[in-house]
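Subject: Structure handover

Hello,

Here is the structure we spoke about. Please have it open while you read the notes below it.

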Amino acid sequence: MGLYLLDYGAGNVQSLANTLKKLGHEFHWISSPADFEKATSLIFPGVGAFGSAIDGLVSRGLYEPLREYIASGKPYFGICIGMQILFRSSLESPSSKGLGIIPSDIGLFSNADKAVPHMGWNSVEFLDADEKAHEGLDPRSSYYFVHSFRAAYEWEHAEVAQWGHTTTQYGQEVFLATVRKGNVFACQFHPEKSGPAGLKVLDAWLRESETDRATSPPTPRVARFPKPKDGFTKRIIACMDVRSNDDGDLVVTKGDQYDVRERADGDGVSARTAGAVRNLGKPVALASRYYVEGADELCLMNITSFRHSPLLDQPMLAVVRAAAETVYVPLTIGGGIKDTVDPDGTPHSALEVAGAYFRAGADKVSIATEAVFAVEKMRERPSADGVGEGDGTSAIETIAHAYGRQAVVVSVDPRRVYVESSYDGPYKDELVYGKADGPENERGKAWWYQCTVRGGRENRPLSVVQLVRGVEKLGAGEILLNSIDRDGTGLGYDLGLVELVRRNVRIPVVASSGAGKPEHFIEVFQKTKVEAALAAGIFHRREVGIDEVKTALLASGINVRTL
Ligand code: 1PR
């Protein structure tokens with residue numbers, strides 16, 4: 001008897017389990033169809049792709065028991081795919097059959113006026129003015145959404161509209177953020193990833209009596225049209241580069257243009273510590289600090305993982321597990337997401353490696369080196385758009401297929417290649433011209449951006465534009481755009497690079513490398529259309545706080561999430 005969670009074997013369900021433990025609620029896992037009989041309340045944290053969720057339920061014999069459970073009138077709380085599955089079908093996987101409880105179909109966001117997936121923090125608006133019906137939600141709060149497919153709010157259709165509870169606007173599209181009727185409550189956003197505001201939603205539902213949870217009245221039908229501006233916020237991300245120091249302990253380090261070793265002449269570093277890996281703190285402690293300070297998202301990059309299999313790197317998996325226990329915002333893990341072979345000859349696919357991170361509590365994985373190789377390979381199979389064709393085997397394709405494209409980030413490590421302004425060679429259409437920008441000896445020149453692999457150690461014959469267009473086509477859901485030239489310099493983001501990439505893809509782009517003061521964040525959001533800005537060094541060294549950055553952004557009229 002009691003509260004049960006449904007796991008169909010795809011994506012990060014650990015985070016919800018961690019959240020419920022933190023809130024002090026006991027639960028069991030549904031492990032066989034018979035468990036539905038014992039459940040008196042059920043939460044379905046659906047993550048991944050619609051089709052793989054349905055396949056996962058069918059192959060485990062859980063699809064019909066789930067339908068029967070909901071039909072029995074016992075309380076049900078669906079999250080993300082756990083909400084979408086209530087509909088008849090989804091464009092994401094047209095041949096997969098949803099439960100059909102809500103007589104409508106899930107469609108795809110248009111990317112004509114905005115980046116898709118809808119990835120980030122957005123507000124909700126109630127359809128019912130009755131405060132008792134609010135389920136812990138607050139229209140002044142922001143909630144974390146990550147999805148490309150959505151249920152439009154069809155207020156003209158009474159049968160669908162009565163399910164509507166709150167709506168959200170992204171660009172000029174209004175969609176259902178939560179649905180609620182009878183024994184069903186479900187949300188498109190991830191409450192377990194929405195910080196204190198999200199925890200409140202879960203707690204409110206769980207604190208209701210099971211009778212109250214099972215008897216929500218339908219919502220009156222309300223006409224709703226898009227407003228001139230949506231409630232979508234810009235994200236501020238803190239990134240931790242993690243590696244072993246010379247004593248074998250995992251530490252957060254930070255490079256200057258990717259060099260993470262102390263220099264004897266820098267910042268009072270003595271000859272004794274010169275050459276040691278720079279140590280800026282413990283990964284889990286720093287992650288907890290950034291969560292409390294209001295980071296919208298965190299990244300952990302295993303920066304030496306290209307040397308061995310991450311599956312053998314148990315300390316890194318332990319770091320992810322521990323971070324996921326204290327951090328209730330999205331966690332991206334990068335480094336070594338590729339096909340590997342253990343020293344004893346056991347092969348592991350990139351999908352398996354990613355799966356281990358998702359099970360440990362990661363929401364997204366970030367791929368750098370393998371993404372470059374995948375685009376080089378796809379370019380050998382020409383296509384009309386000039387980008388090339390994937391063959392379905394790359395890490396990006398296999399992980400996006402199983403977990404949805406929103407779970408796959410490509411981290412890009414480009415380096416400037418300076419050329420004379422009269423240059424007429426390859427990539428001349430991608431040249432950026434800077435006036436007083438760049439090192440003294442290159443002043444007055446133009447440059448293009450070359451891709452690198454293995455943490456900038458090796459240059460590849462591929463431009464950043466070729467890379468980002470290629471990975472978008474392969475199925476990446478977001479670009480994390482570093483700059484080797486700007487990393488650790490505090491000179492500000494490389495705006496020419498950010499603008500170039502933003503203009504060439506429709507998926508969200510995170511600007512990274514070079515932030516030195518709050519004005520740099522204002523500048524990157526005012527001068528480019530990036531969705532998020534990431535920083536490392538200034539946060540680790542406490543030179544600038546996340547709250548300070550957000551206060552400056554709000555004062556400049558840029559919408560951000562506040563605590
Ligand atoms: O190639 O798939 O195994 O992934 C390796 C990952 O590790 C890549 O995402 C790559 O960017 C990262 N990485 C590898 N070597 C380094 C290094 O520093 N030696 N770190 C490295 C890259 C850049 C950002 C940094 C921003 C902001 N670090 O992570 O956080 O530049 O810094 P700032 O605000 O201090 O300027 P794979």
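This is a predicted model: local features need pLDDT of at least 70, side-chain atom pairs count only at pLDDT 80 or more; totals for chains, interfaces and linings use all residues.

Residues are numbered from 1 along each chain as its sequence is written.

Domains

The protein splits into domain 1 (3-213) and domain 2 (235-555), with bounds that come from an automatic or database domain assignment. Taken over C-alpha atoms, the two domain centres are 31 Å apart. Across the boundary, 26 residues of domain 1 are in contact with 25 residues of domain 2; contact means that the C-beta atoms, placed from the backbone, lie within 7 Å. On the domain 1 side, helix 1 (14-23), strand 7 (118-122), strand 9 (143-147) and helix 7 (195-207) each supply at least two residues. Helix 1 gives the largest share, 4 residues. Helices (H or I, at least four residues) and strands (E, at least two) are DSSP runs, numbered from the N terminus. By class, this side of domain 1 has 10 nonpolar, 14 polar and 2 charged residues. Ala, Val, Leu, Ile, Met, Phe, Trp, Tyr, Cys and Pro count as nonpolar, Asp, Glu, Lys and Arg as charged, and the others, Gly among them, as polar.

Helix 9

In helix 9 (residues 283-293), the buried residues include Pro283, Val284, Leu286, Ala287, Tyr290 and Tyr291. A residue is buried if 20 or more other C-beta atoms lie within 10 Å of its own, exposed if 12 or fewer, and partly exposed in between, with C-beta atoms placed from the backbone. The buried residues of helix 9 fall within an arc of 160° seen down its axis, so they line one face of the helix. The arc is that of the directions from the helix axis to the C-beta atoms. Just after helix 9, glycine 294 has a positive phi of about 105°.

Ligand

There are 32 residues around the ligand, and Ala368, Thr369, Ser411, Gly455 and Gly537 come nearest. A residue is near if its C-beta atom, placed from the backbone, lies within 6 Å of the molecule. Strand 14 (235-244), strand 20 (364-367) and helix 12 (369-378) each give two or more residues to this shell. The shell has 12 nonpolar, 15 polar and 5 charged residues.

Annotated sites

UniProt (unreviewed entry) places the feature "active site" at Cys80, His190, Glu192, Asp241 and Asp413. UniProt positions are in the numbering used here, feature names are shortened, and annotations may be inferred rather than shown by experiment.

Glutamate 192 sits in the loop between strand 13 (184-187) and helix 7. It is buried, with 28 C-beta neighbours inside 10 Å. Leaving out residues up to four places away in sequence, glutamate 192 touches Ser15, Leu16, Thr19, Pro45, Gly198, Leu202 and Tyr328.

Aspartate 413 is in the loop between strand 21 (408-412) and strand 22 (414-419), and is buried, with 26 other C-beta atoms within 10 Å.

Glycine 492

Glycine 492 lies in the loop between strand 26 (478-481) and helix 15 (495-504). With 17 C-beta neighbours inside 10 Å, glycine 492 is partly exposed.

Regards

Technical notes. Two residues are in contact if their C-beta atoms, placed from the backbone, lie within 7 Å.
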